[in-house]
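Work through the exercises below with the sequence and the structure open. Each one gives a task and then a solution in steps.

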Amino acid sequence: MSNIIVTGGAGFIGSALVRALLADGAGRVTVIDNLLSGKEANLAEVRSRVDLHTVDIRDYAAIAPLLKGAPAVFHLAAIPSVPRSISEPVPSHEVNIDGTFNVFRAAAEGGVGRVIYAASSSAYGDTEVLPKTESMAPNPKSPYALQKLVGEYYGSVYASCFGLETIALRFFNVFGPRQDPSSPYSGVLSIFMTCLLERRPPTLFGDGEQSRDFTYVEDVAQLCIKASKAPSAVVSGKTYNAGNGGRFTLNETWRTLCGIEGVDIAPQYGPPRAGDVRHSQADTSAAIRDLGHAPRFTFQEGLRRTLEWYRHSVSA
Ligand code: UD2
């Protein structure tokens, strides 16, 4: 039986994609996840329709038989986080580069239909012009950014040299329900959510005027599915921005959240973070044109939904 595969499918974004695939008509989905940061609980409502394999993408012999003959592999497994790639460069490199190579190699050798690769907006680094378009030269500022870019290049080369259909989507600061707030490497919005609900000030690294194109997780999941269906002649071997197209500073984001909650809590400020990109905003026109990208959630609506999820789901 050949199933659609999601690596990292027990993670915050991966599990949203699994739910979206099942809603889109996939009978079953196979998840490959080492449960390092993913959680089986993220798949609770759909667990009976998911084949979960607790294996690590660093283990080629374990993943190759699972990928064999799959119509599509969504490769989301990774060790994310810019600061984590600086404090723990070895596992970050091994998973994000060696593990990603294993996925492309196993997909090519196993006759996979298409690999949809989760790339990162961090590949751009600091650009002089906003929004950031795919034709700009990448300029990675951290090990994580470089690793994710290498995965894009591998995807492109697997398309041109090995005849594997591939597509890379540069995710732009994805947020939403199930993003784990408990690690020092957690995404900033998951940290904001818990601070707000506990009435604590967040710590903003630097002046808080850095900006991000925060993208709601369900919009990213839908774009992944569209990327799996777009015509190969148009998209294979290419990279597309997977963002919302907006841009909000951390200061204004915290103020917006305080406004939604009806509280007034001044943030604290700390030193700037190494490897941090200053501003990030996606030009989404290529994804709209070639993939039919159509984000449904405004930033404010995404914030409201996410906050409600944390209010009801996170006790600590
Ligand atoms: C990068 C990528 C993003 C994704 C992600 C995966 C960019 C622009 N974005 O996200 O697309 O691949 O990596 O990890 O490179 N911050 C605080 N206080 C905190 C935590 C964070 O001020 O407690 C700041 C942080 O310094 C940064 C912003 O919030 O300026 C966002 O940080 P993040 O770790 O949520 O995500 P980022 O932008 O590194």
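The model is predicted.

**Exercise 1. Describe the surroundings of Asn96.**

Step 1. Classify the residue. Its relative accessible area is 1%. Buried means under 20%, so Asn96 is buried.

Step 2. List the contacts. Leaving out residues up to four places away in sequence, Asn96 touches Ala78, Ile79, Tyr144 and Gln147.

Step 3. Look for a polar partner. The side chains of Asn96 and Gln147 make a polar contact of 2.9 Å.

**Exercise 2. Find which residues of H9 are buried and which are exposed, and what the buried residues pack against.**

Step 1. Check the length. Helix H9 covers residues 250-261, twelve residues, and spans 17 Å from its first C-alpha to its last, close to the 16 Å expected.

Step 2. List the buried residues of H9: Leu250, Asn251, Thr253, Trp254, Leu257, Cys258 and Glu261.

Step 3. Look down the axis of H9. The buried residues fall within an arc of 165°, so they line one face of the helix. An α-helix has 3.6 residues a turn, so residues three or four places apart point the same way.

Step 4. Turn to the other side of H9, where Arg255 and Gly259 are exposed.

Step 5. Identify the packing partners. The buried residues of H9 pack against helices H6 (188-197) and H11 (299-313) and against strands E8 (203-205), E12 (248-249) and E13 (268-270).

Step 6. Look past the end of the helix. Gly262 follows H9 and has a positive phi, near 75°.

**Exercise 3. Describe H5 and what covers its buried residues.**

Step 1. Check the length. H5 has 20 residues and reaches 27 Å between its first and last C-alpha, close to the 28 Å expected.

Step 2. Pick out buried residues of H5; among them are Tyr144, Gln147, Gly151, Gly155 and Tyr158.

Step 3. Name the cover, which includes helix H3 (82-87), H4, E5, E6 and E11.

Step 4. Phe104 has a relative accessible area of 1% and is buried. Its contacts, beyond four places in sequence, include Gly151, Tyr154, Gly155 and Tyr158, as well as Val115 and Leu164.

Step 5. Look past the end of H5. Gly163 comes next, with a positive phi near 70°.

**Exercise 4. Locate the nonpolar cores.**

Step 1. Start with the largest core, which has 41 residues. Those with the most contacts inside this core are Leu17, Val18, Leu21, Phe74, Leu169, Phe171 and Leu291.

Step 2. Find the element that gives the most to this core: helix H1 (residues 12-23), with eight residues.

Step 3. Note the second core, which is separate, has 23 residues and includes Val103, Phe104, Tyr158 and Leu164.

Step 4. Follow one member of the largest core. Leu169 touches, among others, Ile116, Tyr117, Leu223, Ala227, Tyr240, Ala242 and Leu291.

**Exercise 5. State how E11 pairs with E6, and how E1 pairs with E2.**

Step 1. Take E6 (residues 166-171) and E11: the two strands are parallel and share five bridges. Ile167 has Lys238 in E11 as its bridge partner.

Step 2. Judge the setting of E11 (residues 238-242). Four of its five residues are buried, so E11 is largely enclosed by the rest of the structure.

Step 3. Take E1 (residues 4-7) and E2 (residues 29-32), which pair in the parallel sense over four bridges. Thr7 is opposite Ile32 in E2.

Step 4. Sort the side chains of E1. Ile4 and Val6 point one way, Ile5 and Thr7 the other way, and all are buried. In a regular strand the side chains alternate between the two faces of the sheet.

**Exercise 6. Describe the backbone at Pro131, Leu35 and Arg199.**

Step 1. Pro131 is in the loop between E5 and H5. The peptide bond from Leu130 to Pro131 is cis, with omega near -5°.

Step 2. Leu35 is not a glycine, yet its phi is positive, about 60°. Leu35 sits in the loop between E2 and strand E3 (50-53) and is partly exposed, at 29% relative accessible area.

Step 3. Arg199 also has a positive phi, near 55°. Arg199 lies in the loop between H6 and E8 and is partly exposed, with a relative accessible area of 43%.

Terms used. Residues are numbered from 1 along each chain as its sequence is written. This is a predicted model: local features need pLDDT of at least 70, side-chain atom pairs count only at pLDDT 80 or more; totals for chains, interfaces and linings use all residues. Side-chain values use heavy atoms; hydrogens and water are left out. Buried means under 20% relative accessible area, exposed over 50%, partly exposed in between (1.4 Å probe, protein chains only). A polar contact is a pair of N or O atoms within 3.5 Å; within protein, one must be able to donate a hydrogen and the other to accept it, and residues adjacent in sequence count only if both atoms are side-chain atoms. Contact means heavy atoms within 4.5 Å. The expected span of a helix is 1.5 Å times one less than its number of residues. The arc is that of the directions from the helix axis to the C-beta atoms. A nonpolar core is a set of buried Ala, Val, Leu, Ile, Met, Phe, Trp, Tyr and Cys residues joined through side-chain atoms within 4.5 Å. Two strands pair if DSSP finds at least two bridges between them.
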